[in-house]
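Good morning, and thank you for coming. Please look at the sequence and the structure on the screen while I take you through a few of its parts.

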Amino acid sequence: MTYIPFVYEMARPSYKTFASFASPAMRKFKSQGRDDLLPQHSSKGNFVGGKQDGQPSEADYFLLKVASFISAIGVLWVLAYTIIVQQSSPYPERDDIRGTSFLDHEKPISSFAGKTFLKHNIPFIDIPDSLIQDVYYYRWTSIQRNLRYIKAGTGYMCTEFVQPVGYAKAFGSIDAAAGHQIDESRWLRDKFYGDDYIHLYTRGPADALQYTQWILDAASRRAMVTGDPQFLASQLDDMIRLWHQWDQVYDDAAGLYYYQPVWDAQELSLPGFVADPNGTDWTLRKDGPDTFRPSHNAYMVGNARAISRAAKLALDGFNEFLFSRLADDLETAMYERMWAPEQRFFMDIIRPNNPNLTRLTGREQVGLFPYRFGIGLNKSYAQPAVDSMFDTNGFLAPYGPTTLEIRDPWFMAVRPDDYCCYWNGMSWPYSTGHTLKSLAAIYRSGTTNVTAEQYHQYLQTYARTQQKNGQPYVAESHYPFIDGWSADGWNHSEHYDHSTNNDDVITGLLGIIPQQEDALEISPIVPGNWTYFALENLSYHGHLVTVLYDKYGSRYKAGRGLTVFIDGKKVFNGVGKSASILIPPPILPADPLVNIAANPSGPGQYPTAEATFTNSGDFQYKAIDGVLFYDSIPDNRWTNYGSPNLNDTLTVTFARPRNVSSVTLALYSDITRGGGVDVPARIEIYGSNGLLATVNDSSSLLPNDRNEVSFDQVETQFLAINMYRKSSRLWVGVCELEVWTPPMRGPTYYAVDSYLTGQETSVAFDNISTATTNGAVVGGLRSDSNVAFSGVVSSGGRTNLTLSYSNAGNVTVGLSVEINQVPQASLSLLPSKGKYVNTTTMVTLAAGKNYVNLRGGSDDGDVRLETVTLR
């Protein structure tokens, strides 16, 4: 039997809330020995079959008949299949890497969704400060919400907003906080999150010039956590290319970089107010003039030293020396130009109409950023910074630190209007993350009088700031003296991924200082009266590390003092709180699986998502958009809430038949929040050749979590997930449907699997083509087209690129070939009378994963692409 899905799509007004039934009268439908339901309609007004009369349409009755038939056939087949429902990670992992279990891994995350991700990925902590500890666990859920799977081959990225914003770049990326995101996510056990995200900037289409950033510095420091220096070394050429993108805003005379503060991620900051003191030019005040800033230039120092380290790993002595020298020269210029002896601070310098480079007189929080990059760590520079951090007229506030000193005439403690983003007084987690790292660097330099208690005070203030309605929470900015968020847009700012917190707990408070060598350095910054702390199952160099400090040995019963476990084995015990120990060589993970169901393009491109019924406030595409979180608001899901049907089907269709052996369903449930959606009573999974799997025991399904259903491998062009409701008052929902398979490793890559852009570029079906069994090719190539292949793995070097195409027109069509965003070659597609022929050029691939773009087409011709082969 071949199952054919039927589709009824509904209008999508903005989501508000689930509606109640139009009529309170409910009748019971008895089927298979249990009470179930009759068709009902939501009072929101669902459009099915073009009718809105409160009664099922003819199409509805037909659908119910089809569903009943499918259900009957499925029951007959159920015993023929072995079904495995798993809630474990869908990625390969090493069975020989074991952690410890001194801490409770259930209670700290019991209120969160996506528990399997958290259990597998995060290190657990136990500290005497419950406020910091609670925020720590919450902030992992913020990261989890903002991880987006883009496409097979491209993998994951971090978003800043859980809902996309118009000014974001490729796939919703915004580079402003990418360094923070890399710092934070480097402690996840699964290494591919960071690998994919870094590749998106170094080789992919993400824009590393939109805002100032320290991506290369973060990538370099991350390599010390993963223990994979080769990954960093392989990015050397790409890192150098990104560095030179900033040449256009380098001032040779000043020896410094400049940018408008708005593109330093800080609009309405001091330079804008100084440039427009009378408020006559809103754009100038908001964006600010071109400014030499301590933040931007410190980022560039960090990035240059990261390139130097990568060059050293790549045995490139020339670039190692060159970029070390560039970093030193830039740091020297910062001391000479930006350090104000009278203010004892790193200051902004407005560039226009300022030939003498006169510094501003107001002290901004950006002047504290350089220390985290190793700049200014001697006493004459560092002590004034510490003094300002703990000065109540400086940056210290109950919900601080502030972005501008409180004593400054332009300081604002509240927003004067409805504009979201003021950086002249509000407390921004983005800046607090930088400041905490600078404070930790200053403390460890030993050049000032700052104490561990003061570091804890700052971290505790940060945790106190990250609250809403008595629960941990992070948004954009916070009032410095009022317990409330100053920028917290509904369905916009929730769980904002724009800062670090957990990296500061791990590297600052608990003292894990990553090393390039096979070593572990532990140097915590904890108050002297703490008698215990624990960090359990931290992923470091591919090992699971547990650090226990138990002054009396009674809390963890593993020994007095500091005890360290590597992969479950005790390797160290000492009386102090600090240690430097050798560890085994790094263990690198296997290649991760890829999700072939993810579609970053939206409706109209493959894979597609269709449903027999969709609630008017939801959208079936959101089940395959790569975004996964389980909140009511913000929302990202498909549900059949209000459906009159006993069961509904969600179907994902691929551009070409694929070999699959499982489907992962991130099932949505809001019944504990007073909603009407829960896990299905039964699930049936169909492919091109019929029933593949059933799940009859709903108790085996995890709500608000991933559920993997496995079956024998089959080739299919679609997967139809038929889900049955538990009762008349409950419906079903899916936050994400994933299909994980081994990655394509070439040498041939199908054009229909690529990321397609261009007004008319899309998958077509051509009976002449034999590359796929269904004739799937890419057509509609016009001058604006880009056919983007990602995940093209190579050992590096020159290789032949062969394109299989047809050109039914009468003119030759040219395509440009880009490798990792760099133009390398061109292809001439001669007329072929509609037959598929090959054309070849030479390209140079980098070691590791590559992005290959084929740009262009003909506005008049008919060109179609089958495959690209690289060998």
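This is a predicted model: local features need pLDDT of at least 70, side-chain atom pairs count only at pLDDT 80 or more; totals for chains, interfaces and linings use all residues.

Let me begin with how angles are taken: axes are lines fitted to C-alpha atoms, for helices over the stretch in contact, and angles run from 0 to 180 degrees between N-to-C directions. Helices (H or I, at least four residues) and strands (E, at least two) are DSSP runs, numbered from the N terminus. With that in hand, consider helix α4 (residues 178–185) and α6, whose axes come within 8 Å and cross at roughly 10 degrees. This makes α4 roughly parallel to α6. Angles under 35 degrees count as roughly parallel, over 145 as roughly antiparallel, 65 to 115 as roughly perpendicular and the rest as oblique. On the α4 side, the contact (heavy atoms within 4.5 Å) is made by Ala178, Gly179, Ile182 and Asp183, and α6 contributes Ile215, Ala218, Ala219, Arg221 and Arg222. By class, the residues of the contact of α4 with α6 divide into five nonpolar, one polar and three charged. Here Ala, Val, Leu, Ile, Met, Phe, Trp, Tyr, Cys and Pro count as nonpolar, Asp, Glu, Lys and Arg as charged, and the others, Gly among them, as polar.

Residues are numbered from 1 along each chain as its sequence is written, and side-chain values use heavy atoms, with hydrogens and water left out.

As for the whole, the protein has 16 helices and 43 strands. Of its 871 residues, 63% count as buried; buried means under 20% relative accessible area, exposed over 50%, and partly exposed in between (1.4 Å probe, protein chains only). Among contacts between residues at least 6 apart in sequence, 72% join residues at least 24 apart.

Let us return to α6. How do helix α6 (residues 215–226) and helix α11 (residues 294–313) cross? Their axes come within 7 Å and cross at roughly 45 degrees, and α6 and α11 are therefore oblique to each other. The crossing of α6 past α11 is left-handed, a term used if the near helix is turned anticlockwise from the far one by less than a right angle, with right-handed used if clockwise. In this contact, Ile215, Leu216, Asp217, Ser220 and Met224 of α6 meet Gly302, Asn303, Ala306, Ile307 and Arg309 of α11. These residues divide into five nonpolar, three polar and two charged.

Next, helix α16. Eight of the eight residues of α16 (residues 502–509) are buried, so the helix is largely enclosed by the rest of the structure. Among them are Asn502, Asp503, Asp504 and Val505. Val505 is also one of the residues that Ile132 touches, along with Ile127, His456, Leu459, Gln460 and Ala463, not counting residues up to four places away in sequence. Ile132 itself lies in helix α3 (residues 130–145) and is buried, with a relative accessible area of 3%. Just after α16, Gly511 takes a positive phi of about 80 degrees.

We turn now to strands. Is strand β28 (residues 682–687) buried or exposed? Six of its six residues are buried, so β28 is largely enclosed by the rest of the structure. Both faces are covered, with Arg682, Glu684 and Tyr686 buried on one side and Ile683, Ile685 and Gly687 on the other. Two strands pair if DSSP finds at least two bridges between them. β28 is joined by five bridges to strand β30 (residues 705–724), running antiparallel, and Tyr686 has Ala720 of β30 as its bridge partner. Five bridges also pair β28 with strand β29 (residues 690–695) in the antiparallel sense, where Glu684 stands opposite Thr694. β28 and β29 form a hairpin with two residues between them.

Finally, an open sheet. Five strands are arranged in the order β34-β37-β42-β39-β40, with antiparallel pairing. β34 (755–757) and β40 (822–829) stand at the edges with a single partner strand each, so one side of each is left without a neighbour in the sheet. Neighbouring strands of this sheet are turned by 25 degrees against each other on average, direction ignored.

Thank you for your attention.
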